[in-house]
Amino acid sequence: MGAHETSTDRSDKIGPKFSVVIPVYNSEKTIFQAIERVCTTFESKGISYEVIAVNDGSKDGSWEKLVETCEQLPNVTAINLIRNFGQHNANLCGFNHSMGEYVVTLDDDLQNPPEEIHKLIAKSEEGHDLVIGRFRTKKHSLGRRIGSKIVNRINEKIFSKPSDLVMTNFRLIHRSVVDRITSFRGTDPYIPGLVIAYSGNPANVEVLHQPREIGKSNYGIKEISKLILSMLFNYSIYPLRFMVASGFIVSLLGFTLGSTLIYRNITGNTVVPGWTSTVTLISFFSAFIILLLGVLGEYIIYITRSISQPLPYIQKEIRKSEK
């Protein structure tokens, strides 16, 4: 199946008021409870909804649990991807299948209590097309919190995120913003950045954040580092500009050194350079050139991937509730 469904195709269908998208990865012990609590939250208020759970190449029994969930709970769509494509691609898949006027995203580990969705809805009624849950107290590890601060600064620079807007994965997005996001055709969609770039009136609302009771976070130092590099090379030219600025400084130093040597030669104060200075200069300039080529290579890799791998995800199987 294709990775994209156009907004024109979707406009002919009558959907629920809210779509809840949940990326699933190795959460067989929590995903049923998470979806059940989402269903209870909306049904208790008589609001139309759907739940779209995207299994992102889980290595445990998450898909089997999702199939079981579709058999027991109403309004659930489970999508199985052929392998792990990453949380952002899984979210994009859910967006493409969503039908709601609003789309809510939350994690599969129950750290985002589904009962808090009503706070996002209430805030959106003030006219916001993007509402992001702001946690009173974060229950993440120290490393994750530090990584989040770095990512937050990059969001401010690249996506013009307001400095007072806090980013989390617990958010409510208006359909107009979702449709703009689904028009993205790159291989590495970064959903937090795209929701900021494509929204006109974002806001925060304070919500609860529960500690993780089962398992451990899939976002370690390695994953956060990869995310930061992906943001820098896929959505900005800051690394290239940095290398250009560095190249200018190095060129200036080289010009100064060359001018000094020429002056000494003209005035008869020529000093025969030793092996140490020669080897040091050659090593320095060689290392700089290699680093510059590496930065250029990263951009070439991104362009190549965008051309040769146009699909951000590939679906294997879809199950829907029959209730």
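Student: In this predicted model, which residues in α4 meet which residues in α7?

Tutor: On the α4 side they are L92, F95 and N96, and on the α7 side R175, V178, I181 and T182. Sorted by class, the contact of α4 with α7 has four nonpolar, two polar and one charged residues.

Student: At what angle do the axes of α2 and α3 cross?

Tutor: The axes of α2 and α3, the latter being residues 62-72, cross at roughly 30° and come within 10 Å. Angles under 35 degrees count as roughly parallel, and α2 and α3 are therefore roughly parallel to each other. The crossing of α2 and α3 is right-handed.

Student: Which residues of α2 and α3 meet?

Tutor: I31, F32 and I35 come from α2, and K65, L66, T69 and Q72 come from α3. The contact of α2 with α3 divides into four nonpolar, two polar and one charged residues.

Student: Now the cavities. How many of 30 Å³ or more are there?

Tutor: A cavity is a space where a probe fits but cannot get out. The count at 30 Å³ or more comes to one cavity. The largest cavity has a volume of about 30 Å³.

Student: Which residues line the largest cavity?

Tutor: The lining consists of T41, F42, K45, I47, I117, H118 and I121. Two elements give two or more residues to this lining: α2 (31-43) and α5 (117-124).

Student: Which element gives the most to the lining of the largest cavity?

Tutor: That is α5, with three residues. By class, the lining of the largest cavity has four nonpolar, two polar and one charged residues.

Conventions:
Residues numbered from 1 in each chain as written. Predicted model: local features only at pLDDT ≥ 70, side-chain atom pairs only at ≥ 80, totals over all residues. Heavy atoms only, no water. Contact = heavy atoms within 4.5 Å. Helix = DSSP H or I, 4+ residues; strand = E, 2+ residues; numbered from the N terminus. Nonpolar A, V, L, I, M, F, W, Y, C, P; charged D, E, K, R; others polar. 1 Å grid on protein atoms, 1.4 Å probe; cavity = no way out; pocket = protein on both sides within 12 Å on 5 of 7 lines; lining within 4 Å. Points joined across faces, edges and corners; volume = space filled by probe spheres on them. Axes fitted to C-alpha atoms, helices over the stretch in contact; angles between N-to-C directions. Parallel < 35°, antiparallel > 145°, perpendicular 65-115°, else oblique. Left-handed = near helix turned anticlockwise from the far one by under 90°.
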